[in-house]
Amino acid sequence: MFCHIQKQLAVAILLATFGCLPARCQDAGNFAIRQLAEGRSSRPDRNICFLPSSELCAEATSADPQSTQSPSSDGAFKNTFRRFEKGQAEIYSAPFHRSNLKWDALFLAGTGTLIATDRQASRALPTNHVDLSRNISNVGLYGTSAAAGVLWLSGLATHNEHTRETGALSAEAFASTVPFYVGLQLITGRERPIEGTGNGRFWRNNALNSSFPSAHALFTWSMASVIAHEYPRPWVKWLAYGTATAVSVTRFTGREHFPSDVVVGSVVGYLIGRHVFQAHCKQGLSQGCHARKTAIAD
C-alpha cells in the first residue's frame, strides 16, 4: 500500500510541475510588464520567461506599457492543453502510419508470445530477494524523476536553456504516458503474479493498480528517453537506459509484473519520450535535435 501511495504521489508531483509551467511563465510575464510600466527595468527587452517562447511561454517584447497587455492565465493553459492534445493525437495515430505497420505486427506478435509464456516465466522465479527487487525499482523510478526535476530547477537557477528544456520535456513525456497507462489499466484489468491463481488473467482487476502495463517501466523509460536524447553522450545513455532497464527487470523479479507487462511499458515509454523530444526540442541545444520535416504549402 505504501509503495502504491508513493507511485501516485510521484505522478501527482510531475503532473503538477508540468501543469504549472505556463502559470509560472505567466507570472513572470506579468512581472516584466509591471517593471516596464514603472520604469524600473534597465533592459526592457529582456525575456523573463522560464521556457523558450516557442514552447509554453509568452514574451514581453514591447517597451510601450500602453500598448502591452497581459495575456490571461486561461490563454496560457489553453495553449498548453492544445499542445498536449496535439501530442496525444500524434502519439496514438503513429501506429497507423503505413511505414509503421510492419513494426506494429512485430510488436503485437512479440507481446502475444510473451503473454502466452508469462505464467511459466513468473513461476520459474525464485521467491527470495523479492523485497530487494521492489526497492530497486522504486529507487530507479524516483531517482529518474528527481533527476528530471533537478535539471529543470538548475536550468532556472543558472539560466541554462538546455537543462530547462530537458526537465520540461521529461515532465511532458511523463504526462503523455498517463492516458495510455490509465486506459490500458482500466481496460485490461490484469491480475498481478501474486493475485488470484497467479496466471495473470485479464479483465479481473479493472483498476489503476492492475498489472498491464508496468507503470514503473512506462514512466521511467519515457523520462530516460528524453534525457538520453537531450544529452547523447555514451555515459548519459548508459546511466539513463541502464536505470530504466534495471527498473523493468526488477518489476519482474519483484513479482509485481509479468514479462509482457514490463516489455510493453518499456517500449511504449521509450517511444513516447522520443516523440516528445523530436517534436519539441529546440535546434541548437542538443546534438540529437535535428530539423523537423514541415509541410510545404501549395
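Glu161 counts as partly exposed because its relative accessibility is 24%; the label covers values between buried (under 20% relative accessible area) and exposed (over 50%), worked out with a 1.4 Å probe on protein chains only. This is a predicted model, where local features need pLDDT of at least 70, side-chain atom pairs count only at pLDDT 80 or more, and totals for chains, interfaces and linings use all residues. Residues are numbered from 1 along each chain as its sequence is written, and side-chain values use heavy atoms, with hydrogens and water left out.

So who does Glu161 pair with? Its side chain meets that of Lys282 in a salt bridge, 2.8 Å from N to O. For a salt bridge, a side-chain nitrogen of Lys or Arg has to be within 4 Å of a carboxyl oxygen of Asp or Glu. The two residues are 121 apart, with Glu161 in helix H5 and Lys282 in the segment after H8. Helices here are DSSP runs (H or I) of at least four residues, numbered from the N terminus. Lys282 is partly exposed too, at a relative accessible area of 31%.

The structure holds 8 salt bridges. One of them joins Arg190 and Asp118, at 2.9 Å from N to O. Arg190 sits in the loop between H5 and H6 and Asp118 in helix H3 (residues 101-123), so this pair ties together parts 72 residues apart in sequence. Both Arg190 and Asp118 are buried.

Then there's Arg134 with Glu256, whose closest N and O atoms are 3.1 Å apart. Arg134 belongs to helix H4 (residues 130-158) and Glu256 to the loop between helix H7 (234-253) and H8, so parts 122 residues apart in sequence get tied together. Glu256 is buried, with a relative accessible area of 14%. These two also join Arg192 and Arg251 in a network of salt bridges.

## Aromatic rings

You'll find 6 aromatic pairs in the structure. Rings of Phe, Tyr and Trp (its six-membered ring) pair if their centres lie within 6.5 Å; planes under 30 degrees apart are stacked, over 60 edge-to-face, and the rest tilted. Phe202 and Phe212 make an edge-to-face pair, 6.0 Å centre to centre with 70 degrees between the planes. Phe212 counts as buried at 8% relative accessibility.

Elsewhere, Phe174, Tyr181 and Phe219 form one aromatic cluster.

## Cys281

Cys281 comes in the segment after helix H8 (259-280). Buried or exposed? Cys281 counts as buried, at 2% relative accessibility. Its C-alpha atom is 8.2 Å from that of Glu230, 51 residues apart along the chain.
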